[in-house]
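Student: Could you walk me through a few local features of this protein? I'd like to start with the open spaces and then move on to the backbone.

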Amino acid sequence: MNRPIRKVAVVGSGVMGSRIACHFAGIGMQVLLLDIVPPALTPAEQAKGLTPDSKQVRNRIVNDALQATLKAKPSATFTKSVAALIQTGNITDDLHKIADCDWVMEVVMERLDIKQQVFEEIEKYRKPGTLITTNTSGIPIHLMSEGRSEDFQQNFCGTHFFNPPRYLRLLEIIPAPKTKPEVISFLLDYGDRFLGKTTVLCKDTPAFIANRVGVFGFMAVFKAMQELGLNVDEVDALTGPVLGRPKSATFRTGDVVGLDTLVHVAKALPENAPHDEAKDIFKLPPFLETMIANKWLGDKTGQGFYKKVTVSAAQADAAKATFTASPEARGDEKKIATTEQNAEKTAQIPAKGKSEILTLNLQTMEYGTKQKSKFATIEAAKQIDDLAQRLKVLYAGKDKAGDFYRMFHHLLFAYVSHRIPEIADELYKIDDALKAGFGWEIGAFESWDTLGVQKVLDNMKNTSSAVASWVPQMLEKGYTTFYKTENGQRKYYDVRTQSYQPIPGTGTFILLEHMDEKVVWQNSACKLYDIGDDVVALRWNTKMNSIGGEVLEGVQKSIAQAEQQYKGLVIANGGANFSAGANVGLIFMYASEQEYDELDFAVRQFQATTMRMRYSSIPVVVAPHGMTLGGGCEMCLHADAVQAAAESYIGLVEVGVGLIPGGGGSKEMALRASDRNIKEDVEINYLQQLFINLGTAKVSTSAHEAFENAVLRHGVDSISVNPDRRIADAKRKVLLISEQGYTQPVPRNDIKVQGRGGLGGLLAGIHSMWRGNYISEYDKLITEKLAYVMCGGDLTQATLVSEQYLLDLEREAFLSLCGQRKTLERLQSILQTGKPLRN
């Protein structure tokens with residue numbers, strides 16, 4: 001049975017409701033967003049002469065909530081234009097409009113009585129068969145639909161989104177007692193394919209899966225922190241990216257989510273799950289009780305574990321005096337001056353008027369300056385790119401950091417083992433929920449596998465953490481890991497059958513990292529996989545997936561092999577990002593040593609590779625995700641088609657590091673301006689827009705926005721909302737292009753460049769920006785060279801030129817900038833801090 005979703009109603013416009021509405025609008029869905037009528041006029045409304053019956057007043061709550069969400073950063077929408085798809089209203093006047101909706105979602109406050117009242121009103125207007133779901137984070141689903149009609153109960157389900165719904169991919173599906181199986185199947189599939197979610201089928205147990213284990217994770221961190229005498233800054237250093245967790249780590253995440261939400265779940269769990277063997281750990285520590293009493297709830301109240309303040313002149317002077325009186329600087333005026341200068345650059349001395357983030361001292365309950373944390377274990381682990389290997393180093397640490405990691409993981413592993421089969425029959429669901437709901441790069445059972453199941457059990461013997469009996473039983477039967485991969489298919493240990501079983505649904509995904517037996521060629525950086533149906537896929541694994549000589553060799557080799565034996569090639573990567581761009585360290589080394597012949601060769605090699613992608617005899621489809629910058633973007637620009645994950649941040653950022661795009665990016669934007677078949681004066685305006693994008697190093701904040709920025713092409717390139725599907729979608733695109741009869745393109749000799757006519761306007765704009773102190777003198781030089789390339793050089797009139805002509809201009813400009821001192825300073829700054837020096 002088909003169940004088309006044409007329009008969705010979201011009842012409740014709070015933080016979650018308005019963001020869920022934006023996410024649906026982001027995929028092109030019409031949305032009706034409703035909330036209550038305000039109880040009274042505001043003074044501003046009274047001053048305007050409005051009455052309680054004015055529509056502006058009656059829709060104030062929903063409109064204010066939506067506008068706040070649309071202004072929020074990071075953006076809740078893929079593009080701002082989708083806001084037009086959201087119609088607002090109030091429950092009293094507009095609830096009848098849900099009769100036109102195919103899915104009605106309740107997102108009101110977490111009180112069972114209020115939710116039941118809302119459902120009673122919804123039933124008056126919904127049409128039979130309409131999906132009705134609740135976004136509760138923990139109220140038992142079976143209690144909500146009591147007293148409703150049979151049709152209501154059969155089409156009712158829990159759909160628990162995580163905040164922010166655009167970025168956190170988890171969607172927990174929790175059936176009610178009478179929910180029809182086809183409704184559950186539909187929601188699991190729709191959430192995956194259309195909403196881009198990792199959909200996890202949950203039991204109706206307290207806090208479901210992610211919050212049950214995730215909140216335990218918070219409380220386990222609090223316990224380890226208190227026992228080991230750690231502070232907030234130290235814990236966040238220990239539980240951030242080094243551990244495969246988000247940058248927000250533990251305490252910043254708590255501030256973002258809201259401490260009231262965390263406490264609500266923590267308090268409810270011992271009551272609702274009295275047989276939980278670890279229920280004592282959910283007892284709130286004293287500092288959390290104090291914060292709740294003080295309403296220090298995090299971002300929503302302006303302060304939590306962290307507090308953002310504006311530095312006064314007195315505070316800045318006091319901080320400076322404290323720093324310069326340090327033992328390192330005291331007694332040496334020259335050293336003091338140098339120390340002050342360096343400290344100001346690294347924000348150790350806050351400047352007057354600047355914002356500063358203060359950290360809460362959990363002993364004194366006072367805010368103070370953020371402290372730099374240093375642990376030998378972390379310093380050693382930071383040198384390791386591979387998370388699995390890094391995790392082993394962290395767990396084996398000999399300092400307080402190592403003690404923390406062992407204590408935390410022992411508590412976590414014991415807890416998740418006991419949750420099978422209470423909250424999930426299959427262990428992979430717990431890992432999926434933690435990764436998609438809390439942004440963990442590696443799940444709990446995956447971490448246990450990495451550290452060694454038996455080894456960890458041996459280490460836990462002398463601790464108070466005891467695992468469930470099925471774990472040692474699994475080992476006794478000869479099953480030594482929770483996961484294994486056979487013939488490219490990932491399997492999990494199934495506790496019920498005591499055997500490995502395929503993870504359902506993964507057959508629709510192509511996960512290259514689990515397909516080593518399908519490798520047909522490799523070098524030290526790249527692997528080429530046979531992904532079936534006569535299609536191959538290239539993946540590389542370098543630091544931040546940067547592009548160097550071995551990656552370029554891999555692309556060239558893959559195309560050559562595909563031309564001989566296959567129908568086409570997909571280029572895709574794993575990890576958090578597709579590619580951060582060219583290898584900056586290599587460019588810096590050649591430039592600083594004035595190895596210009598080597599630089600020239602490297603740029604020519606990059607240009608030859610992107611042109612090889614453009615002019616191969618087989619279709620090449622690039623499937624980017626995450627950061628797709630510089631050279632990564634240039635690969636997308638030269639592909640036959642792009643199959644981008646919705647969360648792709650694509651852009652040519654070379655100007656920011658003192659260069660211009662040198663792998664064909666500058667040439668390609670001139671070509672795309674030329675292909676714009678409109679009047680010449682407007683054509684110059686379009687060229688100016690593309691120039692501004694490059695000159696400001698603009699990065700599209702989503703794949704949808706990349707279409708607006710001319711990085712992706714309408715009618716050619718596509719989006720996979722679920723990033724796990726992008727490689728399979730790219731493979732289908734390769735096959736479609738091949739089956740339609742792919743013909744190798746012919747190099748272009750008809751690119752219309754504007755010469756002096758376009759160059760004059762661009763140079764005038766650059767000069768104005770420089771005169772207005774919006775750009776530095778060096779930025780002026782860089783953008784002048786970029787303008788020269790994009791306009792085809794100093795031509796007296798608009799002229800038709802070849803791609804090679806523009807590539808030569810691009811390469812010459814790139815090399816000339818490599819010889820500039822300030823470019824070297826910017827490159828060095830990136831290597832040292834990850835950020836370019838602004839000069």
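Tutor: This is a predicted model. A pocket here is an open set of grid points where there is protein on both sides within 12 Å along at least five of seven lines.

Student: What volume does the second largest pocket have?

Tutor: The second largest pocket has a volume of about 430 Å³, and among the 20 residues lining it, Glu668, Leu671, Arg672, Asp675 and Arg713 are the closest to its centre.

Student: Which helix gives the largest share of that lining?

Tutor: That is helix 28 (residues 665-674), which contributes 3 residues; sorted by class, the lining holds 9 nonpolar, 3 polar and 8 charged residues.

Student: Switching topic, which residues of helix 13 are buried?

Tutor: In helix 13, Leu259, Leu262, Val263, Val265, Ala266 and Leu269 are buried. They lie on the same side of helix 13, because they cover an arc of only 165° around the axis.

Student: And what covers them?

Tutor: The cover includes helix 10 (210-228), helix 12 (251-257) and helix 14 (286-293).

Student: Now the backbone: where are there cis peptide bonds?

Tutor: One joins Asn163 and Pro164, with omega about 0°, and Pro164 sits in the loop between strand 6 (156-161) and strand 7 (170-175). Another joins Ile420 and Pro421, with omega about 5°, and Pro421 is in the loop between helix 19 (400-418) and helix 20 (427-438).

Student: What is phi for Asn545, and is that residue buried or exposed?

Tutor: Phi of Asn545 is near 55°, a positive value in a residue other than glycine, and Asn545 counts as buried because its relative accessibility is 7%, where the cut-off is under 20%.

Definitions and conventions. Residues numbered from 1 in each chain as written. Predicted model: local features only at pLDDT ≥ 70, side-chain atom pairs only at ≥ 80, totals over all residues. Heavy atoms only, no water. Buried < 20%, exposed > 50% of the residue type's maximum accessible area, 1.4 Å probe, protein only. Helix = DSSP H or I, 4+ residues; strand = E, 2+ residues; numbered from the N terminus. Arc of directions from axis to C-beta. Contact = heavy atoms within 4.5 Å. 1 Å grid on protein atoms, 1.4 Å probe; cavity = no way out; pocket = protein on both sides within 12 Å on 5 of 7 lines; lining within 4 Å. Points joined across faces, edges and corners; volume = space filled by probe spheres on them. Nonpolar A, V, L, I, M, F, W, Y, C, P; charged D, E, K, R; others polar.
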